[in-house]
Amino acid sequence: MREKARTNLRTAIIMLGPPGAGKGTQARLLYETLGFAHISTGDMLRTAIKEDTELGRKAKTLLESGQLVPDELVDAIVEERLRKPDCDYGFILDGYPRTLAQAGTLQGILDRDDVLSIAIGIKTPDEVLVDRLAARWICPNCNRSFSEQLSSGKLKGLCDKCGEKLIHRADDTVEVITERLKVYHEQTEPLIRYYHERKIFVPIDGDQLPAKVFYAIRDVVEEKRVLNRICPKKTQ
Ligand code: ADP
């Protein structure tokens, strides 16, 4: 008997991968093409620090040293963000979840709201990551990132999109990058298995040009959404 296709195609794209893998760049491209909300916990925390809110004061030294912010603080900002109407159609999680406990909290929300979930793992070797992050420039206004290698000639210290002066992120020093990678391997990498067991994990090679990574992710998302229409049980 033909299964009844789900009409609710609210989709969550969970971006997994080490710092510098390109989660933010890819999340932004997906946001611009699919119209899903882009939720970056790193950007939210940096904004809180800039605005000197209570959350920002609690998070500041942790971010600067490459440590994770406590689960309950991050869970709370994500839960609140997911209630906004721009998440109704779909959303991209960039930098969340980062621990198994966060993944459990998120899973509760996704199950409750019957959201189609896809976990994309961007695989990139550590050597590539350290070089990328150390050469990365950030726009403090619109949070875009620029790499010296890819923007040579174009990059004159100003953001391509909004003209703001670019900066280096305080945690993009070799010392803090090394700590962030260690924290990633210890606390976040186990999520690959978590999503693998739930049959929603898709690995993507991140060591190629951003446009190529983007096409690969976009194809996966479109395929899952179409499959979900035809045969919902096979995709969830
Ligand atoms: P990256 O992926 O390059 O490390 P992010 O902008 O995602 O950069 O995160 C920067 C920092 O913000 C992290 O090192 C951590 O201190 C904090 N942070 C972001 N997301 C989370 C999260 N889900 N849980 C705990 N801390 C987080």
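**Reading the strands, helices and surface**

Modeller: In this predicted model, strand β1, residues 11-16, runs parallel to β4, and the two are joined by six bridges.

Colleague: What makes β1 and β4 count as a pair of strands?

Modeller: Two strands pair if at least two bridges are found between them; β1 and β4 are joined by six bridges, so they meet that condition. Within this pairing, the bridge partner of Ile13 is Ile118 in β4.

Colleague: Which other strand pairs with β4, and in what sense?

Modeller: Strand β7, residues 201-205, pairs with β4 in the parallel sense over five bridges, and there Gly121 stands opposite Pro203 of β7.

Colleague: Why is β4 called mostly covered?

Modeller: Buried means under 20% relative accessible area, and of the eight residues of β4, which spans residues 116-123, seven are buried.

Colleague: Which residues of helix α2 are buried, and what covers them?

Modeller: In α2, which takes in residues 41-50, the buried residues are Thr41, Gly42, Asp43, Leu45 and Ala48, and their cover includes the helices α1 (23-34), α3 (54-65) and α4 (71-82), together with the strands β2 (37-40) and β3 (90-94). Just after α2 comes Asp52, with a positive phi of about 55 degrees.

Colleague: Why is Leu227 called partly exposed?

Modeller: Leu227 lies in helix α9, residues 210-230, and has a relative accessibility of 34%; buried would need under 20% and exposed over 50%, so Leu227 falls in between and counts as partly exposed. The C-alpha atoms of Leu227 and Val78 are 28 Å apart, while the two residues are separated by 149 residues along the chain.

Colleague: How many helices and strands does the chain have, and how do you know how compact it is?

Modeller: The chain has 10 helices and seven strands. Its radius of gyration is 18 Å, close to the 18 Å given by the globule rule for 236 residues, and therefore the chain is as compact as a globular protein of that length. Along the principal axes, its C-alpha atoms fill a box of roughly 60 × 40 × 30 Å.

Colleague: What share of the residues is buried, and what share of the accessible surface belongs to carbon and sulfur?

Modeller: Of the 236 residues, 46% are buried, and carbon and sulfur atoms account for 54% of an accessible surface of about 12,400 Å².

Colleague: How far apart are the mean positions of the positive and negative charges?

Modeller: The chain carries 37 positive and 36 negative charges, whose mean positions are 5 Å apart.

Note on methods:
Residues numbered from 1 in each chain as written. Predicted model: local features only at pLDDT ≥ 70, side-chain atom pairs only at ≥ 80, totals over all residues. Heavy atoms only, no water. Helix = DSSP H or I, 4+ residues; strand = E, 2+ residues; numbered from the N terminus. Rg over C-alpha atoms; globule rule 2.2 N^0.38 Å. Buried < 20%, exposed > 50% of the residue type's maximum accessible area, 1.4 Å probe, protein only. Areas by Shrake-Rupley, 256 points an atom, 1.4 Å probe, with all protein chains shown as cover. Lys, Arg positive; Asp, Glu negative; His and termini not counted. Charge placed at Lys NZ, Arg CZ, Asp CG, Glu CD. Contact = heavy atoms within 4.5 Å.
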